[in-house]
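Work through the exercises below with the sequence and the structure at hand. Each task is followed by a solution in steps.

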Amino acid sequence: MTKSDLERMKKLGVAGSFFINHVYYWGDRHKKLFLGPERANSINPLRDALLNNLLFTVHSDCPVTPISPLFSVWAAVNRMTMGGEVLGPEQRIDVESALRSMTIWGAELNFDEKNTGSIEIGKRADFVILSEDPLKVDPLEIKDIPVLATIVNGQVVYQKDWSLIY
């Protein structure tokens, strides 16, 4: 996707959904075999999407890659490949924007922001409790933050053994 593609999407009111895990799983191959460094650096151009005020989400394309929202946030923030290289460092985004792309922006993209996407009175209570604040940890550690509990529609559907934490 080029900068002009993103500008056209914004002009047309088109939202985007980026398969950000692609950077990690296949970024090295794109850089070395398929696209070359310049084109590979611009796959999933999240920073350019932000600069264009484009509504977007990031996703895992499950079952192609495992579902792990924290991994997708990590990939958006770090753009690290399996080989340990940063692919397109200029396309990295900040943690808050990555979290929004998995929450409120996803709800907006699905036309459901009145019901989901943020924790507010009157909305469905779907959220996780994490052991650490993703905004405060080293960005390279985001994917490894333990999930302590998962709440869906106000009901606890997963709860880590709290005795292991305290």
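**Exercise 1.** State where Glu96 and Arg100 lie and how they are placed along their helix, and describe their salt bridge.

Solution. Step 1: in this predicted model, helix H6 holds both Glu96 and Arg100. Step 2: four residues separate the two, about one turn of the helix. Step 3: their closest N and O atoms are 3.1 Å apart, and a salt bridge requires a side-chain nitrogen of Lys or Arg within 4 Å of a carboxyl oxygen of Asp or Glu, so the pair Glu96 and Arg100 forms a salt bridge. Step 4: Glu96 has a relative accessible area of 39% and is partly exposed; Arg100 is partly exposed at 36%.

**Exercise 2.** Describe the salt bridge between Glu85 and Lys31, and explain which parts of the chain the pair ties together.

Solution. Step 1: the closest N and O atoms of Glu85 and Lys31 are 2.7 Å apart. Step 2: Glu85 is located in the loop between helix H5 (69-78) and helix H6 (95-102), whereas Lys31 belongs to helix H2 (residues 21-34). Step 3: the pair therefore ties together parts that are 54 residues apart in sequence. Step 4: both side chains are partly exposed, with relative accessibility of 29% for Glu85 and 24% for Lys31.

**Exercise 3.** Classify the crossing of H2 and H5 and list the residues in contact.

Solution. Step 1: the two helix axes come within 7 Å of each other and cross at roughly 65°. Step 2: angles of 65 to 115 degrees count as roughly perpendicular, and H2 and H5 are therefore roughly perpendicular to each other. Step 3: H2 contributes Asn21, Tyr24 and Tyr25 to the contact, and H5 contributes Phe71, Ser72, Trp74 and Ala75.

**Exercise 4.** Is Thr81 buried or exposed, and what does Thr81 touch?

Solution. Step 1: Thr81 is part of the loop between H5 and H6. Step 2: buried means under 20% relative accessible area; Thr81, at 2%, therefore counts as buried. Step 3: leaving out residues up to four places away in sequence, Thr81 touches Val23, Tyr24, Gly27, Asp28 and Leu87.

**Exercise 5.** Is Pro66 buried or exposed, and what is Pro66 in contact with?

Solution. Step 1: Pro66 sits in the loop between strand E2 (56-58) and H5. Step 2: its relative accessible area is 52%, and Pro66 is exposed. Step 3: apart from neighbours within four places in sequence, Pro66 is in contact with Asn21, Tyr25 and Ser60. Step 4: the C-alpha atom of Pro66 is 23 Å from that of Leu135, and these two residues are 69 residues apart along the chain.

**Exercise 6.** Which residues make the nonpolar surface patch of about 270 Å², and where is Phe127 placed?

Solution. Step 1: the patch is made by Ile119, Phe127 and Ile129. Step 2: Phe127 lies in strand E3 (residues 127-130). Step 3: Phe127 is partly exposed, with a relative accessible area of 30%.

Key
Residues are numbered from 1 along each chain as its sequence is written. This is a predicted model: local features need pLDDT of at least 70, side-chain atom pairs count only at pLDDT 80 or more; totals for chains, interfaces and linings use all residues. Side-chain values use heavy atoms; hydrogens and water are left out. Patches are made of residues with over 30% relative accessible area and no salt bridge: like charges are joined within 9 Å, nonpolar side chains (Val, Leu, Ile, Met, Phe, Trp, Tyr) within 5 Å. Accessible areas come from the Shrake-Rupley method with a 1.4 Å probe; for residues, only the protein chains shown count as cover. Buried means under 20% relative accessible area, exposed over 50%, partly exposed in between (1.4 Å probe, protein chains only). Axes are lines fitted to C-alpha atoms, for helices over the stretch in contact, and angles run from 0 to 180 degrees between N-to-C directions. Angles under 35 degrees count as roughly parallel, over 145 as roughly antiparallel, 65 to 115 as roughly perpendicular and the rest as oblique. Contact means heavy atoms within 4.5 Å.
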